Amino acid sequence: MVTSQGTASVSFPFPSVWGIHSSIAGRTIIWGTLSIHSIIDNRVVGTVNFRGRPIPINGFWNENTKQIEFDSPYATFSGNLTIIDDQQSRIRHFILQGRFLMKPPSLQAGESGSWIATTDIALNQFPVSGNAYTGQLPPVGAFLTSNFLHQHQNFWGRTI
């Protein structure tokens with residue numbers, strides 16, 4: 001399998017940092033970073049950082065269905081993983097995208113929307129077994145979040 005920690009095999013690298021974008025009714029509400037620190041026995045632990053302060057997340061990963069679910073104190077997220085290999089640029093794109101529901105104490109409690117998070121690596125760094133990836137073009141959100149992530153990581157020449 002791909003990455004193992006505990007009894008979980010995971011189709012994406014971790015620890016990893018992802019650019020994340022969320023919107024409600026097609027309007028951008030926030031940009032940030034999603035950090036997946038570990039996945040042990042299908043349990044996801046990490047942080048999401050939208051306003052300069054990391055907020056803890058906890059959730060679950062299902063390797064068979066490539067689905068992730070996690071909670072922060074302000075929202076519940078669920079989504080699916082897509083892996084896209086760009087042979088020309090030799091980049092493997094990892095894309096998590098799905099829906100979220102805001103919860104108290106957020107001022108937007110009860111509202112829902114969509115989110116997309118991306119990270120990428122050199123194509124030869126992380127082998128994927130089976131048919132987990134495609135050769136299709138990533139959605140536009142993948143490029144936007146990837147650019148955001150790389151700008152954020154290189155802010156003032158240092159990784160944030």
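1. First, some ground rules. This is a predicted model, in which local features need pLDDT of at least 70 and side-chain atom pairs count only at pLDDT 80 or more, while totals for chains, interfaces and linings use all residues. Residues are numbered from 1 along each chain as its sequence is written, and side-chain values use heavy atoms, with hydrogens and water left out.

2. In soluble globular proteins, nonpolar side chains tend to be buried together. A nonpolar core here is a set of buried Ala, Val, Leu, Ile, Met, Phe, Trp, Tyr and Cys residues joined through side-chain atoms within 4.5 Å; buried means under 20% relative accessible area, exposed over 50%, and partly exposed in between (1.4 Å probe, protein chains only). The largest such core has 29 residues, and those touching the most other members are Phe12, Trp18, Leu34, Ile36, Trp61, Leu96 and Trp115.

3. Next, look at the rings. Rings of Phe, Tyr and Trp (its six-membered ring) pair if their centres lie within 6.5 Å; planes under 30 degrees apart count as stacked, over 60 as edge-to-face and the rest as tilted. Phe12 and Trp61 are edge-to-face, with 5.1 Å centre to centre and 85 degrees between the planes. Phe12 lies in the loop between β2 (8–10) and β3 and Trp61 in strand β6, so this pair ties together parts that are 49 residues apart in sequence. Strands (E, at least two residues) are DSSP runs, numbered from the N terminus. Phe12 and Trp61 are both buried.

4. Another pair to see is Phe70 with Phe77, which is stacked at 4.8 Å centre to centre and 15 degrees between the planes. Phe70 is buried, at a relative accessible area of 1%, and so is Phe77, at 4%. Ring pairs also link Phe70, Phe77, Phe100 and Trp115 into a cluster.

5. The covered face of β6 holds Ile55, Ile57, Gly59 and Trp61, whereas Pro56, Asn58, Phe60 and Asn62 make up the uncovered one.

6. Finally, see the neighbours of β6. Two strands pair if DSSP finds at least two bridges between them. β5 and β6 run antiparallel, joined by six bridges, and Gly46 has Ile57 as its bridge partner in β6. β6 and β7 also pair in the antiparallel sense, over five bridges; there, Asn62 has Gln67 as its partner in β7.

Definitions and conventions:
Helix = DSSP H or I, 4+ residues; strand = E, 2+ residues; numbered from the N terminus.
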